[in-house]
Amino acid sequence: MSVDWLELEKTARTWIYEAASVIKQSLANPIQIESKSNPDDLVTEVDRAIESFFYHKIQETYPEHFFLGEEGIADELESLEGTVWIIDPIDGTMNFVHQRYNFAISVAVYHEGIGMVGLIYDVMNDELFHAIRDRGAYINDEELVPVKERPLHESIIGLNAKWLVQEKNPYRNPLKALVRDVRSIRSYGSAAIEIAYVAADRLDGYISVNLSPWDYAAGVILLEEVGCRASTFKGEHLDFLQKSTVIAGKPDLHKEMVSSYVGEEL
């Protein structure tokens, strides 16, 4: 069955704005917080409620589609065959809990393993970064222009500084060298927002040692539409079914960061 991607994107937008309204209303009440894999890996009842909202909307509207989400409401997928929605209901849960700011709803739709629709909604800033494959990328319907390269020493990259001090991180020294050589680093606490910022030319690159598919699936679609690249640290294609290192950026910068810093065998 063929999919009308324009119509699907329009439907997904409607759901995103509806979900965002629920999230904003929840901020008026105390938030129930739990930890997952470690004390800093937070989840709230709002995360679960929003993921459930998307899951049931998709089931009702596109029953033949599959679902991959952070909070595990659906069965695990073993492949990206067919049409798969990859969703992070609140990317930046720690920001949602602590700041009540700098968090996003991330929605990606892949068809036979190819990214077709990507939407990242910065809820509190009311900025929707959105793209349909081969139709360009936009912020709130204003088209993003293809990115302009900057040399590495003039670049600003998104990077969580914790990766620089954790002794168990095997990439600590290469990342320290990279941070030394770039103009500056930023950390907004939401991978989806930071990858969207690369697409929007607000950052030149973004790096994470450990991300899940729902953190980057939508952002990769945005990046491709403006001529940016995203890969593992070794420069390989990202896997949308398991965790991965992620490095994203403008093409020349991406190539230099991989070849001269993080891509080397450890």
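This is a predicted model: local features need pLDDT of at least 70, side-chain atom pairs count only at pLDDT 80 or more; totals for chains, interfaces and linings use all residues.

Me: Which aromatic pair does Tyr-62 form with Trp-85, and how are the planes arranged?

Reply: Planes under 30 degrees apart count as stacked, over 60 as edge-to-face and the rest as tilted. Tyr-62 and Trp-85 have 35° between their planes and 5.8 Å centre to centre, so the pair is tilted.

Me: Where in the chain do these two partners lie?

Reply: Tyr-62 is in the loop between helix 2 and strand 3, whereas Trp-85 belongs to strand 4 (residues 83-91). The pair links distant parts of the chain, 23 residues apart.

Me: Is Trp-85 buried or exposed?

Reply: Trp-85 is buried, its relative accessible area being 0%.

Me: How many aromatic pairs does the count give?

Reply: The count comes to 12 aromatic pairs. Among them is the edge-to-face pair of Trp-15 and Tyr-62, with 6.3 Å centre to centre and 70° between the planes. Because Trp-15 lies in helix 1 (residues 5-26) and Tyr-62 in the loop between helix 2 (45-61) and strand 3 (66-69), this pair ties together parts 47 residues apart in sequence. Trp-15 is buried as well, at 6% relative accessible area.

Me: Which residues do the ring pairs link into a cluster?

Reply: The cluster consists of Trp-15, Tyr-62 and Trp-85, linked by ring pairs.

Technical notes: Residues are numbered from 1 along each chain as its sequence is written. Side-chain values use heavy atoms; hydrogens and water are left out. Rings of Phe, Tyr and Trp (its six-membered ring) pair if their centres lie within 6.5 Å; planes under 30 degrees apart count as stacked, over 60 as edge-to-face and the rest as tilted. Helices (H or I, at least four residues) and strands (E, at least two) are DSSP runs, numbered from the N terminus. Buried means under 20% relative accessible area, exposed over 50%, partly exposed in between (1.4 Å probe, protein chains only).
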